[in-house]
Amino acid sequence: MTATASRPRTGKGTRSLRDTAARIVQGLATPVVPDDYLDLFAPLRSGADLRGRIVAITPETRDAATITIRPGRDWQGHAPGQYIRVGVDVDGVRHWRAYSLTSDTSARDGLISITVKAMPDGLVSQHLVHRATPGTIIQIDQASGDFVLPQSVPAKVLFLTGGSGITPVMGMLRNHDFDGLDVVHAHSAPTADDVIFARELADAPTGVRAIVRHTDDEGMLTPDQLDEVVPDWRERETWICGPTPMLDAFEAHYAAHGHTELLHVERFRPSIVEAGEGGTASLRVGQETTTLALDGGTTILDAAEDAGVLMPSGCRMGICFGCVLPMTDGSVRDLRTGELTTTTPDDPAVKVQTCISAVAGSCTIETTES
């Protein structure tokens, strides 16, 4: 398997010195303030904007890699299962994305890690997996998210994961002692070569029974197969993360059986409840306006990026509020709830989350290049 033969890319001292020298020369040629000088020599210092330095990039599969990061001194730690927002400069433009933390919280070296799958249309994920290099400084936020195990882990647990949805659960598996408990982890991936953390799943921790399904040959694990695969699923508190269709299906299944209280869900994208009819969105960047004709199921953020309009973004799930921009007129619809947000003469500049909002008739968004 690809992951077995791969080695992490690690930084070289000569390159690090050369990069530092280049930053110093660039700094001397542009107006700077005292903090800018400090950033050249100590970007991870206490009191600075929170940053991290990529230490190593370790391939996991042909399209996934673990990015090991040394966080700045103001890093406050994380709970297993949480995520961080990462700001990455690609072709001179900073883009923010959210990734689950997969590192051991007790590691004495203070390093953290995220494991990223390069999506076919993923600008940032492709960059991190295939083009980023050790030594690169990236922006990071403090950890967020409530997709975590309680302090007292239930006696019976079920993890359901698909594809890169395994990442927050791997954070839990690496950081909790399940000895004496009854834990089942059912994971799905297209083929054996696509299974992230394959070796760890094959050598599951004491107390954990791992079930790996290769969907190209066996098909997706469906909710009606739970009775066969995990007969006592109704007795297990369940944590699930994976593709949207998988999450939607299991949420409906648990609700139909009256067991919604057992289910903890982590989504990479919001679930669309009501698409609406769409319309036109006018995106103002300085003196220029781009007008897009959109359907009712496409977020303003996705449509803007597809059209080449740069906008701030973050988790892309409506959690971090990194995408919030003022809407100066019009209406948008929250794709998670169907709720409309509309400007009025008394409130002509409403803040909207572009990552979970679709246009409802027409709207005008004031944006800035990120």
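## A covered helix

Helix α5, residues 166-173, is mostly covered, with eight of its eight residues buried. Buried here means under 20% relative accessible area, while exposed means over 50% and partly exposed lies in between (1.4 Å probe, protein chains only). Helices (H or I, at least four residues) and strands (E, at least two) are DSSP runs, numbered from the N terminus. The buried residues of α5 are I166, T167, P168, V169, M170, G171, M172 and L173.

## About the model

What you see is a predicted model, in which local features need pLDDT of at least 70 and side-chain atom pairs count only at pLDDT 80 or more, whereas totals for chains, interfaces and linings use all residues. Residues are numbered from 1 along each chain as its sequence is written, and side-chain values use heavy atoms, leaving out hydrogens and water.

The pLDDT is the predictor's confidence in each residue, from 0 to 100. Its average over the protein is 87, and 86% of the residues score at least 70. Over residues 1-5 the pLDDT is below 50, and this stretch has 13 contacts in the model beyond near neighbours in sequence. A contact means heavy atoms within 4.5 Å.

## The overall picture

The protein has ten helices and 18 strands. Of its 370 residues, 46% are buried. Among contacts with a separation of 6 or more, 68% are between residues 24 or more positions apart.

## The largest nonpolar core

In soluble globular proteins, nonpolar side chains tend to be buried together. A nonpolar core is a set of buried Ala, Val, Leu, Ile, Met, Phe, Trp, Tyr and Cys residues joined through side-chain atoms within 4.5 Å. The largest one in this protein has 24 residues, and I67, W75, I84, I114 and L128 have the most contacts inside it.

Several elements build this core: β2 (51-61), β3 (64-71), β4 (83-90), β6 (112-117), α4 (123-131) and β7 (137-140) each supply at least two residues. Strand β4 gives the largest share, four residues.

## Two buried residues in strands

Strand β7 is also the place of Q139, which counts as buried at 11% relative accessibility. The side chains of Q139 and R51 are joined by a polar contact of 3.4 Å. Such a contact is a pair of N or O atoms within 3.5 Å; within protein, one must be able to donate a hydrogen and the other to accept it, and residues adjacent in sequence count only if both atoms are side-chain atoms. Not counting residues up to four places away in sequence, Q139 touches D49, L50, R51, R85, V86, G87, R94 and W96.

L160 is found in strand β8, residues 156-162, and is buried at 0% relative accessibility. In sequence L160 and C241 are 81 residues apart, yet their C-alpha atoms are 6.5 Å apart in space. Leaving aside neighbours within four places in sequence, L160 is in contact with A186, L221, L226, T238, W239, I240, C241, M246 and F250.

## Salt bridges

The structure holds 14 salt bridges. A salt bridge is a side-chain nitrogen of Lys or Arg within 4 Å of a carboxyl oxygen of Asp or Glu. In one of them, R62 pairs with D194, and their closest N and O atoms are 2.9 Å apart. R62 lies in the loop between β2 and β3, and D194 in the loop between β9 (182-189) and α6 (198-202), so this pair ties together parts that are 132 residues apart in sequence. R62 is partly exposed, with a relative accessible area of 49%, whereas D194 is buried at 14%.

Another salt bridge joins the side chains of R234 and D227 (3.0 Å, N to O). R234 is partly exposed at 34%, and D227 is partly exposed at 40%. D248 also forms a salt bridge with R267, with the closest N and O atoms 2.7 Å apart. D248 sits in helix α9 (residues 244-256) and R267 in the loop between β12 (263-266) and β13 (279-285), so the pair links parts 19 residues apart in sequence. D248 is partly exposed at 31% relative accessibility, while R267 is buried at 13%. Finally, salt bridges that share partners join K156, D182, D232, E235 and R236 into one network.
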